[in-house]
Amino acid sequence: MPSRRLLYLAPLAVFAVIAAAAAFYLQSGRDPRLLPSALIDKPAPAFSAPGLEYNGKTIRQGVESTSFKGRITILNFFASWCTPCLVEHPQITALSKTPSVALVGINYKDKPADAANWLARHGNPYARIGVDPAGEIAPEFGLYGVPETFLIDRVGRIRLKQVGPITAQVLKEKILPAIEALKK
Amino acid sequence: MRGAAALILLALFVAVAAPSPPASAIGPGEALEDAKLEDRARVIGRQLRCLVCQNQSIDDSDAPLARDLRRLVRKRLTAGDDDRQVIAYIHARYGDFVLLRPPVDERTWLLWFGPALALLAALAFLFRRLRRPRTAVTAEALSPEEAARADVLLGDRGDEP
Amino acid sequence: MSAEIGHFALIVAAVLALGQSVFPMAGAARRHGALMSLGGTLATGQFVFVSIAFGALTWAFVTSDFSVANVVQNSHSAKPLLYRITGVWGNHEGSMVLWCLILALFGACVAWFGDNVAPGLRARVIAVQGMIGLAFLAFILLTSNPFDRVNPMPADGRGLNPILQDPGLAFHPPLLYLGYVGFSVTFAFAIAALLEGRVDAAWGRWVRPWALAAWSFLTLGIALGSWWAYYELGWGGFWFWDPVENASFMPWLVGTALLHSAIVAEKRDALKSWSILLAILTFSLSLLGTFLVRSGVLTSVHTFATDPERGLFILAILAVTIGGALALYAWRAPALKGGGLFRPISREGALIVNNLLMTVAALTVLFGTLYPLIVDALGLGKISVGPPYFNATFVPLMAPLILAMGIAPFLPWKRADLAGALDRLKLLVAVTVGAAAIVVFLEERHSFAAALGIGLAVWAIGASVLELAGRVRLFRAPFGESLRRAAAMPRSAWGMTLAHAAAGVVVTGITASSVWQTEIVRVMKPGDRAEVAGYTVAFAGVQEVRVGNYLARRGRFTVSESGVALATLSPEKRVYLPQRTPTTEAAIRTTWFSDLYIVLGDPHGEGGHAVRLYHNPLVPWIWIGAVLMFLGGMVSLTDRRHRVGAPRRSVRPVQARPAEA
């Protein structure tokens, strides 16, 4: 009875599939913690964040999602308490000098005094800074933590998301080519 | 008899609401005043993954992200969203990974229906086998005397499980 | 020096394991008695040398020998002695040595106590044990040597992960491994039987005690892990469908099926190739658990440090072991002769229902655990499979299972009358339905889930009591005769009754604690009071303390009921020093019928603290039930007919081979 024989082969077949998947997974060297963003190619969520103010002085104007239309925007979530943010700061500063790109920051769950001091010490590359003291804007962008950076095109769609610090390598291999592609 | 058993089984399948895992990590001041709304928020919270944690729902976790998401859930509920809309709202922003109950689509058909199909297939197989070989095997295996003896034996009852 | 001794002992053990894999197997094939009995000697030798290695590693930990890299990474001189010892298996390398130690122990046990097993079969079983041992010893020696030295020697170690510094950890992994690895014996029996090409009732009898022992330890190990999570992780949950919990649960489910199918194989000579398959699958799932924990393919609280090379090595072991076993099965099993016939409604039929539901439940857990991995590997994105999936698919399988469990002991073998059995149980049916109805209609939450859970629990416990009463003819015969009958009852029958009732106890605990939990979350300042389920909990304040290797903020709560002080509870937030890792220590007051569970949170506002208070009704029953299940297994194991090594006439019909030449 060949069909009966096949039945006895079924456990082996199931195991072969599982083992192959596991081998493939291990070989692929994938990081199980790496996650895709659900917002790629979707319009940036609408929000309005007040500007960063400290000592009665406005350090930067706030951010409106409507302002993303018509230009390429880099939206960077940062905080003074976040160590990796310091790691990416030189790259963020370099990005601010990229022609025809607006660099906009969202100061996440920070105290204005801490943020102002941090920016005074390390330099303030942002054209605008909105504050999100209670972490209300962050989940709109599907944020996991800081730093995270979004590249938004001229029609206001999110085209790229970087989770974690933008290292020099990420800047060169991922962010800058993506900006170039958007400029065309 | 068998029909009744099937009905009981069916009723069981339908009646079983997933028991809620107890407890949560929800902090003081987070809960909504409206107890009904808060209960809904809890049920929703248990279906959403705390993305930066290890296998915890946002209801279980102390992580800041979990707290933000719990607040977002309550904000949407207060704004009048129904449960489905709240989950869809967060799904749209965080992707499939946030859903602890995976969506039913072509990727997950096997996950959702595989075990049930396996059970049905096994049941069908068993019923066929247990009914048929009675004629196929016994017919040639048992002589009349053996059959008579078997009948006597069939009345016996093992003393041990 | 001890490190070199340990390393050397591991190498010797691996060489002995190689011999153990080859000689008895060759001996069994050629019916060469001396070669076959060499297997037992080699198995004993392997056990002795793995013990030496384990002892050497333990010595390095106890004496804080920081020239050994493993000790540096996982221990600290300020650690209490208990945690220096348990630290041996609180890491990847050391836990692998423990794994091999237990494997070698089981291999040796087959040699020591397997006198009643036919020599050819026993030789093959020991050889298969040797092969598994060889594979894992090679894994340790080639990828995970625990005896690697570090130069220069650091002044002190990095310490053990604080959440592992707990008495629960001292016993959770060893018990779990006794379970996992114990199933290697039933696996070896399955392979040996396939190689011999014969499975008979005797096979079922030989396999049952091993399956029973492994199952009992696994039950206790899983329960201990769940209890540990309950009191240590600080939010009162006891089961999270974490991939690694699932990895221990799958072998338990299939092992439970095996336990039952082996009965049919022994008593009725049926379900034989199915039992063989279950024996293979149970150990395969144990190995899968090992792979998942150590390969880094899953992220979980339980996983050891990620290392793809180790992952590939274990995967290769799995491919050979499981793939080989299943291929052998596909080749040899179709030739196995089917045995006793029976009707769908019969004791066999009920046991098949058990097997089917347990296996499908295990399949559900397997799917849920691996599915995200497979979807990701296929490039279809990241999905999560969490408790909502498991609850939705698992619970509907458990409900009919428990119904069948209650009625099965009332069904005779071969052919039964379901209506008749139900007639004997009609009082219980009424009580069950009544209990469920009370829960639905009279209890304020009107929860169907609660009604189902309580109904099933009443059914399971009630059926066990009735079954016992029926056996001893309680109230039908004079009481003295009932006592005599009870004393004469086989131990295995007592074990079954106890374990089945225990399942009802577990269901009660899970249901009640899930549905009727009370939770209060609030900011409390010293002097504040909170009311929880009839208790008054007063917060006296928080003090900073330093104990051993950690700093703690310790809260003081006094618990009273109607003005009578009952207890003082001190939940803590700790920071362990070498790594500055924070942990939460809940304080629990248990009455065995409910727990009052207090968690101290972070400071909140002026002098206040976030506090979580839980009242968990019947939650201790979950673990009480699990312990009863374990005891049921143990009682059954002491059955005279199961006792390993008891002199007994061989049941095998055609065992008169001239094997002992």
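Is C:V532 buried or exposed?

## A tucked-away valine

C:V532 is buried, because its relative accessibility is 0% (buried means under 20% relative accessible area, exposed over 50% and partly exposed in between, using a 1.4 Å probe and protein chains only). You'll find C:V532 in strand 2 of chain C, residues 529-532 (strands, E, are DSSP runs of at least two residues and helices, H or I, of at least four, numbered from the N terminus).

Who does C:V532 touch? Leaving out residues up to four places away in sequence, its contacts include C:I520, C:L596 and C:Y614 (contact means heavy atoms within 4.5 Å).

## About the model

This is a predicted model, where local features need pLDDT of at least 70 and side-chain atom pairs pLDDT 80 or more, while totals for chains, interfaces and linings use all residues. Residues count from 1 along each chain as its sequence is written, chains are lettered from A and ligands numbered from 1 in the order written, and side-chain values use heavy atoms, without hydrogens and water.

## Helix 7 of chain C

Helix 7 covers residues 167-196 and reaches 45 Å from first to last C-alpha, close to the expected 44 Å (1.5 Å times one less than its number of residues). Of its 30 residues, 27 are buried, so the rest of the structure largely encloses helix 7. Next comes C:G197, with a positive phi near 75°.
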